[in-house]
Amino acid sequence: MSAVLESHDHSHDHHGPAKGWRRWVYTTNHKDIGTLYLWFSFIMFLTGGCMALVIRAELFEPGLQIVEPEFFNQMTTMHGLIMVFGAVMPAFVGLANWLIPMMIGAPDMALPRMNNLSFWILPFAFALLLSTLFMEEGAPNFGWTFYAPLSTTYAPSTVTYFIFGVHIMGASSIMGAINIIATILNLRTPQMTLMKMPLFVWTWLITAYLLIAVMPVLAGVVTMMLMDIHFGTSFFSAAGGGDPVLFQHVFWFFGHPEVYIMILPAFGIVSQIIPTFSRKKLFGYTSMVYATSSIAFLSFIVWAHHMFTVGMPLAGELFFMYATMLIAVPTGVKVFNWVATMFKGALTFETPMLYAVAFVVLFTIGGFSGLMLAIAPVDFQYHDTYFVVAHFHYVLVPGAIFGIFAGVYYWLPKWCGNMYDEKLGKLHFWLSFVGMNMTFFPMHFVGLAGMPRRIPDYALQFADFNQIASVGAFIFGTTQLLFLFIVIKTIVSGKKATAEVWDNPEGLEWTIPSPAPYHTFSTPPDVK
């Protein structure tokens, strides 16, 4: 008994919460960890954005101007990897950490120590990936989809660091997903049935299952690469009886659900925001849950639509074409529900709502070009052109990234107790909106005209649209420094937020600032 008392006494040596760097390194508090994820993702967003600006600067006019083709390829590779795994996914995990426990009435995440670990391995993964830029052979240069044999037989030796980095990111994602599922299924307040959960919680529950299903597939494909490179196997080498197309199948079996992992939480965010600023309950809650589940299920059976040009049997082409088109149905249900929620509502257009409305409109454009790409015979023309680049950036920039912006503006008063500057927020929105459309809309045209992607030089007839796109990219990129300024200004000197910043029809006073984080789970949390 005295031993128990003694151990208890030691736990209070710190006298209350940890201070300084210890608070952040050792934290098991979901709000602190959410904050770490969000700041990390923003740093990665700026890093990946600078790489995109290198690409756009080179493509400002035909010919080779600024960088060597080799470095251009390294930039396209690193930009894709950093934006997907470093910017978009950690931002959504950060939002999940902050909001899910509060939305379901839980004291914290279910597995707080694992929560800390899943964040802190990320900076090391990306340090490893970025360090390859300074190595003799240079960073990976084989595109973010790292197709074999380019990434195995012909890769720079730095591919090994890349493989290790991907493993670490995958481990982080799997731990995060397990934590989210455990939290949602076990820590809901007793009255909250599954069909009473806020939609953001639902979309993350479904996303977490997707992550657990596909991250091991990514781990598998990079392990097969590692074996091919270092241990004499031939998974992807035809010379040894393997098949390079196998790589594409395994990669896209991970990669297609992955793109839905990057959009489903954004669906959840706009499903919270649109009802608030329409002063109405969300139209068709149940159908939203079922639509999200259907999208998640269908995302597993469409992977080969990325591979129509490999020479698959006609039956395969038809299956993947129809399965892909089928995803338009539940997605259409969601868009209909968002529009129906706004219909005859008392709409106001604060910054979160501007981002949410832009999300609905521009994401739909991305969806339509996706429908075009789903048509197998015409995909032979679109494949590997800038049309594909235009399509997925219309899904990911106004989709994932605008969704994240919307969520940050919406919940920032809740997080720090201060209100952001509405005029600056609207300025950030309009500059982002104009820059984004200037960048990616012209890509549809050069793509349809036959400009291939991932090439540092191009024919003269593509010059005008490329110039417009490059100017747009620099507008969009520099605008994000304004976002940084807005967030810091809000935290440091924003006006105090009132209890009803948003007039919320669900009756949830989301914007009362949360109590300061204090526990580290070395002593049990004080749960009222």
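Modeller: Let us begin with the largest cavity, whose lining is made up of Tyr37, Phe85, Met89, Pro90, Val93, Leu122, Met169, Ser172, Ser173 and Gly176. Two elements, helix 4 (69-104) and helix 7 (159-186), each give two or more residues to that lining. Please keep in mind that this is a predicted model.

Biologist: What makes the space a cavity, and how many cavities of 30 Å³ or more are there?

Modeller: A set of points is called a cavity because a 1.4 Å probe fits there but cannot get out. By this rule, there are three cavities of 30 Å³ or more, and the largest cavity holds about 100 Å³ of space.

Biologist: How do you know which classes of residue form the lining of the largest cavity?

Modeller: Sorted by class, the lining of the largest cavity has seven nonpolar, three polar and no charged residues.

Biologist: Why is helix 7 called roughly antiparallel to helix 8?

Modeller: The axes of helix 7 and helix 8 (residues 199-230) cross at roughly 155° and come within 8 Å. Because angles over 145 degrees count as roughly antiparallel, helix 7 is roughly antiparallel to helix 8. Their crossing is left-handed, and the contact of helix 7 with helix 8 has 26 nonpolar, six polar and no charged residues.

Biologist: What angle is found between helix 3 and helix 18, and what label follows from that angle?

Modeller: Helix 3 (residues 30-58) packs against helix 18 (residues 463-493) at an angle of about 160°, with the axes 10 Å apart. This value is set against the cut-off of 145 degrees, and therefore helix 3 is roughly antiparallel to helix 18. The crossing of helix 3 and helix 18 is left-handed.

Biologist: Which residues of helix 3 and helix 18 meet?

Modeller: Among those in helix 3 are Trp39, Phe42 and Arg56, while those in helix 18 include Asn466, Phe474 and Ile491. By class, this contact of helix 3 with helix 18 has 15 nonpolar, three polar and one charged residues.

Biologist: Why are helix 14 and helix 17 called roughly parallel?

Modeller: Helix 14 (residues 351-374) and helix 17 (residues 422-448) pack at about 10°, and their axes are 10 Å apart. Since angles under 35 degrees count as roughly parallel, helix 14 and helix 17 are therefore given that label. Thr351 and Tyr355 are among the residues of helix 14 in this contact, and Glu422 and His444 are among those of helix 17. The contact of helix 14 with helix 17 has eight nonpolar, seven polar and two charged residues.

Biologist: What is omega for the peptide bond from alanine 148 to proline 149, and is that bond cis or trans?

Modeller: Omega is near 5° for that bond, which is cis. Proline 149 lies in the loop between helix 6 (122-131) and helix 7.

Biologist: Is phi of arginine 279 positive or negative, and where is arginine 279 placed?

Modeller: Phi of arginine 279 is near 55°, a positive value in a residue other than glycine. Arginine 279 is placed in the loop between helix 10 (264-278) and helix 11 (285-298).

Methods:
Residues are numbered from 1 along each chain as its sequence is written. This is a predicted model: local features need pLDDT of at least 70, side-chain atom pairs count only at pLDDT 80 or more; totals for chains, interfaces and linings use all residues. Side-chain values use heavy atoms; hydrogens and water are left out. Axes are lines fitted to C-alpha atoms, for helices over the stretch in contact, and angles run from 0 to 180 degrees between N-to-C directions. Helices (H or I, at least four residues) and strands (E, at least two) are DSSP runs, numbered from the N terminus. Angles under 35 degrees count as roughly parallel, over 145 as roughly antiparallel, 65 to 115 as roughly perpendicular and the rest as oblique. A crossing is left-handed if the near helix is turned anticlockwise from the far one by less than a right angle, and right-handed if clockwise. Contact means heavy atoms within 4.5 Å. Ala, Val, Leu, Ile, Met, Phe, Trp, Tyr, Cys and Pro count as nonpolar, Asp, Glu, Lys and Arg as charged, and the others, Gly among them, as polar. On a 1 Å grid over the protein atoms alone, a cavity is a set of points where a 1.4 Å probe fits but cannot get out, and a pocket is an open set with protein on both sides within 12 Å along at least five of seven lines; lining residues have an atom within 4 Å of a point. Grid points are joined across faces, edges and corners, and a volume is the space filled by probe spheres set on the points.
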